[in-house]
Amino acid sequence: MLVAIGLTAGWQRGAAAIRAIDLELAAGRVLAVVGRNGAGKTTLVSALAGLVPWRTGIVRLGEARIEGWRPERIAAAGLALVPQGGGVFPGLTVAENLALGAAGGRRPFPDRALWARFPALLERRDRPADTLSGGERRQLAIARALAMRPRLLLLDEPSEGIQPSLVERLGELLAELVQVDGLGLLLVEQDLDLVVRLADEVLVLQDGAIVDRLAGAELADRPERVERHLGL
Amino acid sequence: MSREPLLPSLALWLALLILPALAPGWLLSQLAQHLCYGLLAMSLAWVWGQGGLLSFCQAVFFGTGAYLFALVAMGRLPGVPDLPLLGLVLAPLAAGLAAFLAGLVLLTVRLPTGAPWAVMTLVLAVIAERLAVTSTWLGGSNGLAGIPPLALPLPGGPLELVDPVPTFLFVLAIAASLHLLLARLIDSPRGALVRAVREDPLRAAHLGIDPLRVRLLVFTGAAALAGLAGALFAAQFGFVAPSLLGLGLSTEALVWVAVGGRGSPLAALSGALLVKTVEELLGAWLGPGWPLALGLLVVAVVLLFPAGVLGGLLERLARPGRGR
Amino acid sequence: MAADPSWPLLLLDAASHVLTLLLVALGLAVTFGLMGVINLAHGGLVVLGAYTVFAVERAGLGFWAGLLAAPLLVGLVGLVLQILIVRRIQHRPLDTLVATWGVGLAIEQTIVLVFGAASHTVAPPFTTTVAIAGSSYPAYRLFVMAVALAATGFTLWLLLRTRLGLMVRGTVADRRLAAATGLPIRRLDAGTFAYGSGLAGLAGAVTAPLMSIDPQMGTGFLLPAFLAVLVAPFAGPLGTVAGAGLVGGTESFVSAVASPVAAQLVVLAGAVVLLRLAAGRRVGRER
């Protein structure tokens with residue numbers, strides 16, 4: 001379980017990019033974060049992963065206080081990040097990417113269950129990651145994060161730039177991760193259909209602060225409440 | 001830092017100006033030579049601090065100027081009259097030309113400011129020294145001795161710069177005016193252009209600036225300055241040797257500039273004067289421990305004062321109230 | 001050199017030169033080529049390796065103990081260097097250059113203080129010769145060549161076939177992602193730098209009996225090795241092998257037919273041309 005209380009973080013000392021964020025994410029739940037471009041969504045997930053300097057506030061992962069930890073320590077503690085637009089090691093093969101994920105999580109590799117879940121990656125296991133298609137690369141990024149066997153997964157716009165039919169499949173995969181594997185997901189997403197489908201709770205971010213929070217079901221009933229903030 | 005601090009500059013030059021009234025002759029002679037090293041440091045601060053081109057071969061141009069002055073003053077250059085003053089004029093031209101040609105070749109290499117560039121300048125310094133050692137025309141490893149001093153054509157008959165006081169004042173006048181010129185250049189829009197190329201060559205290129213041209217000009221100009229310094233040095237010292245254009249002096253200059261501060265010519269020049277003076281005081285006592293101390297000093301300065309000791313101080317003076 | 005050197009011997013000498021250079025360049029290929037740290041103390045680390053063998057041998061422990069101690073000691077020095085200095089300024093390449101140059105000077109002068117500025121000799125552990133093409137060739141030179149090849153092979157194996165090497169390659173490919181994946185990037189940095197430094201120590205140690213050693217010999221090692229890494233036609237240790245072949249081969253050939261100074265000039269000119277070509281290639285790929 002991940003809990004943040006009053007989390008403030010950013011590169012510049014004076015002007016923090018995200019301010020006073022409160023959130024809670026339990027295993028088997030999906031917490032979605034929506035907001036316009038520049039609202040601070042990527043900064044929020046990066047800060048939780050330790051990639052943006054922490055300023056004040058509390059972040060707890062299970063029993064441990066992880067604020068200010070270095071990213072590799074946070075990752076090894078069970079919080080895996082799938083960063084926006086990337087998340088694969090270029091130049092390394094598919095198998096090597098997954099082996100690195102396993103190494104980061106101090107897990108054995110090869111991982112048969114993982115290959116079984118991503119047959120398309122198994123077929124291309126010796127191809128360099130940067131020769132894969134966009135959809136395959138996204139799969140690899142998620143698979144790499146799963147190879148760490150995390151407790152919680154931070155996904156930064158996983159549907160960005162992949163074709164609609166694949167977004168459908170992505171939704172199925174993420175739902176399975178929550179329902180079957182019991183993972184907790186923090187999902188930054190622009191695709192509101194995907195958010196409605198998966199999220200238990202939705203946070204609306206604007207100018208680095210949370211301006212609204214609502215249950216996933218509420219979003220399905222009254223999407224205009226969120227669309228107003230997104231400028232749609 | 002973009003602006004050269006006015007008050008500290010004035011203070012330094014005035015302090016040096018009244019020195020002949022107080023200091024003994026030997027100290028003046030020594031300081032006049034150290035001022036030449038100071039000019040070399042200034043030229044390095046220009047290419048490195050302003051231009052972003054870390055050069056391990058700045059002494060090559062210092063040495064080129066020194067050798068050229070020696071050749072002219074000793075009448076060893078066929079077709080050129082043996083006038084020391086002419087040597088003083090030709091030395092920066094020769095050094096600038098050498099840098100222009102070397103820069104034309106080296107600066108077009110990929111990542112000009114990174115490791116390839118730095119290593120290439122290192123190799124250049126090694127080769128230059130080897131060439132001077134093997135050349136009999138340049139006196140081989142013995143160098144050239146017996147270089148006549150400068151003679152100023154004054155109304156009351158030529159004044160040979162042999163005595164410490166006139167020599168010191170002459171070098172001081174040249175150093176101060178070159179510092180003024182360089183400071184004005186750095187503060188001018190052209191100076192800003194140089195820094196723009198240093199910070200982001202790609203963006204500068206998009207703005208219609210040719211980064212290669214700017215870098216080549218800075219490299220050439222700084223080499224000319226180093227060449228003049230070398231000629232002044234040779235005129236006082238009366239002797240040039242291959243060590244003047246090698247890796248040793250080049251890296252020594254790097255120490256002065258790192259210690260003083262690469263952001264401002266004043267800081268670099270003061271760094272040279274400071275390190276050289278300390279070397280005179282402690283060098284004999286420390287023996288081989290001196291270079292060791294020098295090495296550790298550089299490491300400490302880079303770790304603790306990235307802008308240089310004096311440069312950091314000047315920066316704080318220039319922006320009071322914004323202490324970090 | 002004999003008036004009419006036979007071609008096999010000339011080739012063998014060139015191969016010896018190339019492989020010695022490779023041994024020095026290999027450490028640089030790791031610290032500079034892989035981690036991007038421009039380590040001007042590398043020459044000093046090579047000298048330190050040579051003097052370790054000299055000191056161990058003088059202490060009566062024999063050559064082989066020295067050969068074992070040198071990479072370990074120099075690797076340890078590299079580790080300390082990385083943690084105390086390089087780690088803090090790695091993101092400022094020019095400052096790294098200047099600081100590591102200062103470290104190199106400090107190492108060199110420490111050696112002067114301890115062992116004096118004069119040159120010393122290290123006795124080779126065996127003086128047997130092998131008959132090759134009708135002449136006798138020192139077996140120790142063949143041993144040095146074998147060590148160079150073995151060190152290269154071991155480094156390649158470590159990098160390409162082990163999990164540790166994979167983690168290093170991952171860190172090189174994308175540092176931020178490596179950290180977010182939970183790889184211990186700071187320890188990998190330190191370990192890799194120590195390994196590269198250890199290779200420098202090994203290079204100095206194993207080549208010490210081939211020449212007279214002096215505190216100032218570091219620069220002579222450093223520059224060709226840097227050029228070899230710079231002109232490497234492709235990334236990684238294999239590229240360095242090719243680079244060392246190019247630089248060392250040219251150097252020994254031009255030295256044999258002309259002079260060492262001419263050889264340096266030719267190598268520099270060749271390096272400039274190769275870097276120009278590489279720049280063209282790079283721009284072409286970006287488009």
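# Strands, interfaces and domains in a predicted model

Biologist: What makes strand β3 (residues 30-35) of chain A largely enclosed by the rest of the structure?

Modeller: Six of the six residues of that strand are buried, so β3 of chain A is largely enclosed by the rest of the structure. A residue counts as buried if 20 or more other C-beta atoms lie within 10 Å of its own, as exposed if 12 or fewer do, and as partly exposed in between, with C-beta atoms placed from the backbone. This is a predicted model, in which local features need pLDDT of at least 70 and side-chain atom pairs count only at pLDDT 80 or more, while totals for chains, interfaces and linings use all residues. Residues are numbered from 1 along each chain as its sequence is written, and chains are lettered from A and ligands numbered from 1 in the order in which they are written.

Biologist: How do you know that both faces of β3(A) are covered?

Modeller: A:Val30, A:Ala32 and A:Val34 on one side are buried, and so are A:Leu31, A:Val33 and A:Gly35 on the other.

Biologist: What makes β3(A) and β8 (residues 184-188) of chain A a pair?

Modeller: Two strands pair if DSSP finds at least two bridges between them. β3(A) and β8(A) have four bridges, in the parallel sense, and the pairing therefore meets that cut-off. One position to look at is A:Ala32, which stands opposite A:Leu187 in β8(A). β3(A) also pairs with strand β9 (residues 201-206) of chain A, in the parallel sense over five bridges. There, A:Val34 has A:Val204 of β9(A) as its bridge partner.

Biologist: Why are these called strands, and what counts as a helix?

Modeller: Both are DSSP runs, numbered from the N terminus: a helix is H or I over at least four residues, and a strand is E over at least two.

Biologist: Which strands form the open sheet in chain A, and in what order?

Modeller: Four strands form it in the order β2-β1-β4-β5, and the pairing is antiparallel.

Biologist: Why do β2 (18-25) and β5 (64-65) of chain A stand at the edges?

Modeller: Each has a single partner strand, so one side of each is left without a neighbour in the sheet.

Biologist: How do you know that β1 (residues 2-9) of chain A is joined to β2(A)?

Modeller: Five bridges join the two strands, which run antiparallel. Among the positions concerned, A:Leu7 has A:Ile21 of β2(A) as its bridge partner, and A:Ala4 stands opposite A:Leu23. β1(A) also pairs with β4 (residues 54-61) of chain A, in the antiparallel sense over six bridges. In β4(A), A:Ile58 is the bridge partner of A:Ile5.

Biologist: What is the phi of A:Ala20?

Modeller: A:Ala20 has a positive phi of about 50° although it is not a glycine. Most residues other than glycine have a negative phi. A:Ala20 is in strand β2 of chain A.

Biologist: Why is A:Ala20 called partly exposed?

Modeller: A:Ala20 has 15 other C-beta atoms within 10 Å, so it is partly exposed.

Biologist: What about A:Arg149, and where is it found?

Modeller: A:Arg149 is found in the loop between α6 (134-147) and β7 (152-156) of chain A. A:Arg149 also has a positive phi of about 50° without being a glycine. With 18 other C-beta atoms within 10 Å, A:Arg149 is partly exposed.

Biologist: How many residues of chain C are in contact with chain B?

Modeller: Chain C has 35 residues in contact with 34 residues of chain B. Two residues are in contact if their C-beta atoms, placed from the backbone, lie within 7 Å. On the side of chain C that touches chain B, α4(C) gives the most, with 15 residues. By class that side has 26 nonpolar, five polar and four charged residues. Ala, Val, Leu, Ile, Met, Phe, Trp, Tyr, Cys and Pro count as nonpolar, Asp, Glu, Lys and Arg as charged, and the others, Gly among them, as polar.

Biologist: How many residues of chain C are in contact with chain A?

Modeller: 16 residues of chain C are in contact with 23 residues of chain A. On this side of chain C, α6(C) gives the most, with six residues.

Biologist: Which domains is chain A divided into?

Modeller: Chain A is divided into domain 1 (2-78 + 152-230) and domain 2 (90-149), with bounds that come from an automatic or database domain assignment. Their contact takes eight residues from domain 1 of chain A and eight residues from domain 2 of chain A.
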